[in-house]
Amino acid sequence: MPLLQRELFKEMGLIASICLGGFLCLILLGRLLQLRDLFMAQGVTFFDLVKLFTYLSPFFLIMLIPVSCMLGLFLTFLRMGADRELISLRAGGVSIWPLLPAPMLLCLLCSALTVWISLSGISWGMDNFRQTVVELARHKTSVNVQPGVFNTSFPGLTVYARQADPGSGALLDVFVLDSSRSKARATIVAPVGQIDSDPDLGQVFVRLKDGHVYREEGGELSVISFESYILSLDMTRLLGGFELSDKAPKEMSWKDLLALKGAGFKDRSENFQRRVDIELHKRFSLPAACIVLGFFALPLAFFFQGMKRQFGLIVCLGAFFLYYVLLSGGMSLAESGVLAPALALWLPNFIFLLAAAVGMWLVATEKEVNFRMLRFWVLRTLGLKGADA
């Protein structure tokens with residue numbers, strides 16, 4: 001029996017790891033394509049891309065680990081059913097209960113990993129991601145502001161500097177034409193400038209000193225002198241639509257969320273308060289989903305044993321899609337104040353746990369007729385004719 005548990009755990013862990021890696025690569029590559037304009041700049045190395053890939057990972061792993069754990073269990077037992085191994089085990093007097101230790105261990109390990117990521121990994125990754133992206137954008141800005149060249153790569157701005165130091169970001173004899181406003185155009189002239197960044201706010205800006213602003217509006221020209229002028233660059237458009245605004249609750253650590261909750265949400269809207277409450281429950285409901293979905297996948301694999309793997313994958317992903325619809329719909333209702341956050345975040349787990357308990361009972365009592373009826377109904381619903389042949 002220990003040998004059986006080891007082989008089960010090895011196969012389930014391998015399949016779950018492959019699924020997790022594939023899902024993560026697809027999602028992260030799609031997100032990183034939003035920064036393609038930034039990546040085309042000089043000085044952005046492969047190491048920078050790997051860092052951004054790593055920092056973004058925890059934000060998506062909290063959702064990908066449960067579905068990967070579910071697929072690992074489902075595809076393993078589906079394969080055993082197709083190879084008639086489950087029938088052989090039953091013929092040898094081995095029911096479903098002795099098979100549970102290995103799946104239980106995998107679910108617990110996935111749940112523990114998701115808890116760690118949800119409590120600290122998300123905040124660590126997003127903080128470093130914001131800082132790295134802002135520094136890369138600042139580097140892009142410094143490189144593009146070449147001495148004696150009119151630069152138009154910044155949305156709504158034309159920047160000229162007689163001298164520019166890419167290393168320090170220092171500018172001399174700066175000319176800026178700001179046409180971002182539709183009604184008024186401003187021309188800014190300053191002898192000294194400095195490109196700087198603020199990773200916490202996700203901003204890149206230019207500090208100008210001892211200059212003048214020439215503003216034309218309604219056929220009139222006004223001149224304003226200044227000692228210090230900060231020109232903020234539109235990071236959203238510069239980074240291809242990727243927003244770097246103030247930290248949202250979903251990017252915060254568990255400690256920060258508790259601090260906000262304990263401070264009574266001073267000067268915060270009701271919507272923000274509800275988002276924090278949702279996030280507090282989400283940080284534990286998704287780790288619990290590893291266990292719930294894992295045990296849901298076990299009877300599901302018994303119901304559809306003999307089905308081809310590709311069709312089984314569709315069925316399993318369809319079940320997770322249903323879970324995700326319930327979860328996202330509940331979160332939307334909780335954010336609008338219709339449902340309590342606790343009910344919205346834990347109800348999908350309860351529904352799937354109840355379905356898993358019923359399924360385990362059906363498998364343990366070997367109600368084969370019900371298995372065939374359920375398989376036929378699902379296949380007919382999905383339009384997969386002959387999938388269990």
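This briefing walks through confidence, salt bridges and nonpolar cores in the structure above. The model is predicted, and the mean pLDDT of the protein chain is 79. Four salt bridges are counted, and the largest nonpolar core holds 72 residues.

**Confidence**

- In the protein chain, 77% of residues reach a pLDDT of 70 or more.
- Helix α10 (residues 341-364) has the highest mean pLDDT among the elements, at 91.
- Helix α6 (residues 235-238) has the lowest, with a mean of 54.
- A word of caution for anyone zooming in: where pLDDT is low, the predicted coordinates should not be read in detail.

**Salt bridges**

- Side chains of opposite charge can pair when their charged atoms come close.
- Within helix α1 (residues 2-32), K10 and E7 sit three residues apart, about one turn of the helix, and their side chains form a salt bridge at 3.8 Å, N to O.
- K10 is exposed, with a relative accessible area of 55%, while E7 is partly exposed at 40%.
- E11 meets R79 in another salt bridge, at 2.6 Å from N to O. Since R79 belongs to helix α3 (residues 46-82) and E11 to helix α1, this pair ties together parts that are 68 residues apart in sequence.
- R79 is buried, with a relative accessible area of 15%, whereas E11 counts as partly exposed at 21%; the cut-off for buried is under 20%.
- In helix α8 (residues 270-303), E279 and R283 are four residues apart, about one turn of the helix. Their closest N and O atoms are 2.9 Å apart in a salt bridge.
- Both partners of that pair are buried: E279 has 5% relative accessibility, and R283 has 0%.

**Nonpolar cores**

- In the largest nonpolar core, the residues that touch the most other members are M70, L73, F74, F77, L99 and Y323.
- Helices that each supply at least two residues of this core are α1, α3, α4 (85-91), α5 (101-144), α8, α9 (309-335) and α10.
- Helix α3 gives the most to this core, with 19 residues.
- A second, separate core has 19 residues, among them A161, L171, A190 and V204.

Notes. Residues numbered from 1 in each chain as written. Predicted model: local features only at pLDDT ≥ 70, side-chain atom pairs only at ≥ 80, totals over all residues. Heavy atoms only, no water. pLDDT = per-residue confidence, 0-100. Buried < 20%, exposed > 50% of the residue type's maximum accessible area, 1.4 Å probe, protein only. Core = buried A, V, L, I, M, F, W, Y, C linked by side-chain atoms within 4.5 Å.
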